[in-house]
Amino acid sequence: MSVSMSQIPADLRVPLFYAEMDNSQANSGATQLRRLLIGLVNDDVTAPTELVLAATSSEVAALAGAGSVLHDMHVAHRRNDPMGETWVLPVKIEAGAKASGTISFTGSATASGVVSVYVGNVRVTAAVSSGQAAADVGEAVAQAVNAAVLPATAVSAEGVVTVTAKFSGLLGNDLRLGINLRGSAGGEHLPTGLGVTVTAMTGGAGTPDLDAALAVVGDEPFEFITHPFSDSASLESLRSVMDDTTGRWSWLRMLYGHVYSARRGTLGELVAFGRGGTNDQHGTVAALEPLSPTPVWKFAAEYGARTAVFISADPARPTQTGALSGVMPAPEGQRFGILESNSLLWAGVATSYYEGGYVRIGRAVTLYLQNTFGQPDDSYLDSETMHQSAAILRRLQSLITSKFARHKLANDGTRFGAGQAIVTPKTIRNELIAEYSRMEREGLVENTDVFARYLIVERDEGNPNRVNVLFPPDYVNQLRIVAVRNEFRLQYPVAA
């Protein structure tokens, strides 16, 4: 019998017709690229450290606490990525301290108006009546803060409003407090007669144990992992989880994915951070200006969400220009410009810029700067390269496992009957070339002819059941720069 059956036995004698199903040639399914958000819960919440599939932000509020870091991240993520399957991993800092800051009012209002207080990039307002004293204004502001869904609570005493984070940890120091940030152009000004002084949030201490949290993730597939922690211990935990030897990118696990985060700082601080030795091709940390009101956890969530939308649509297209719809920019004159962005990119820190009413993704580079010999290496410069690699490897895995999962292996030239479940190195080679050609038509790779010339598929000399493949794809690149030399003339000479 030349046709290989999978289910129907060869010794069957009972008449008449039998059929078995074989979908090995029909698979055209796509991989769902799942999202994972890792964030802090409020200190007064007891949430188990486990993966939770959360469709709505209200579910996350019930799990992690309203206004928690994780809740904020989910709201920001959903603003940019309303359809992606998004999971959350709550973490809590057991040994830490909460950050706090103050907004101090003085004097008495001599005219009615509104006080616009910003906690992060969220505005809360309190009405002020003419003749109202600072102590009463403070009480009104504290009530407005507590009535809103924010990552902090407020108490007032004699005009001093003390704002305290709902969670412990260093991250609380990143919460910016402000008054009338949009200024008179935004209809915000302090009622006459009142004075105000803002003291920044400080005192937050502690970082999460991400090793314990990430152990919960196990082998669950996630293409986009977003978190707000940029301390060295947290980044090292994630690098270990993602690495090419034993992590999610290893030959044994083949889970892939990429990690997104953000860090606030001056240019010098961020450049020093990028060059500080993390050197991780699986991590992208985006720079946030010191005076941006947006908390770093919201910024990271928006950056990761916009990337997830773009990469899910096409893993080879650049994510640059993607609008981060909920990010409030730093004031004019306090934003990173082209010179700062260029320095950041050379230091392995991702960038953004403000244009057309939105903060937008600049270039989502990775933290990878050097090879194992400490020499400059740009092979993993862009996060898109990592997503592109994952997409191509998943295509190959699907091809081989769908078509040849239970095939016999024979040498090229073996004369077996048509229909036999036998594969040869040449057959695999032809399938890989055909798949590469399809990927070229879809814009993932280029130069199929050259690829075929360098592709090697051979039977292992020491193991007759194994085929070794040298797969040399030429990734399609992203358009990053268009340089124009304007060789102008005031008048073209008249032709003779």
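Where is the place of Ser292?

## Basis of the model

This is a predicted model, in which local features need pLDDT of at least 70, side-chain atom pairs count only at pLDDT 80 or more, and totals for chains, interfaces and linings use all residues. Residues are numbered from 1 along each chain as its sequence is written, and side-chain values use heavy atoms, with hydrogens and water left out.

Ser292 sits in the loop between β13 (283-288) and α7 (296-313); helices (H or I, at least four residues) and strands (E, at least two) are DSSP runs, numbered from the N terminus. Ser292 counts as buried because its relative accessibility is 1%, where buried means under 20% relative accessible area (1.4 Å probe, protein chains only).

Contacts (heavy atoms within 4.5 Å) link Ser292 to Arg176, Arg264, Met328, Pro329 and Ala330, leaving aside residues up to four places away in sequence. A polar atom of the Ser292 side chain lies 2.9 Å from the backbone oxygen of Met328.

## Nonpolar cores

A nonpolar core is a set of buried Ala, Val, Leu, Ile, Met, Phe, Trp, Tyr and Cys residues joined through side-chain atoms within 4.5 Å. The largest has 85 residues, of which Leu36, Ile38, Phe105, Val115, Val141, Phe299 and Tyr303 touch the most other members. Its largest share, eight residues, comes from α7.

A second, separate core of 18 residues includes Ala316, Ile392, Ile433 and Phe451.

## C-terminal annotation

The unreviewed UniProt entry places the feature "domain: Tail sheath protein C-terminal" at residues 376-489; such annotations may be inferred rather than shown by experiment. Over residues 376-489 the chain is 39% helix and 11% strand, with the end C-alpha atoms 42 Å apart.

Note on methods
Buried < 20%, exposed > 50% of the residue type's maximum accessible area, 1.4 Å probe, protein only. Polar contact = N/O pair within 3.5 Å; in protein donor to acceptor, adjacent residues only side chain to side chain.
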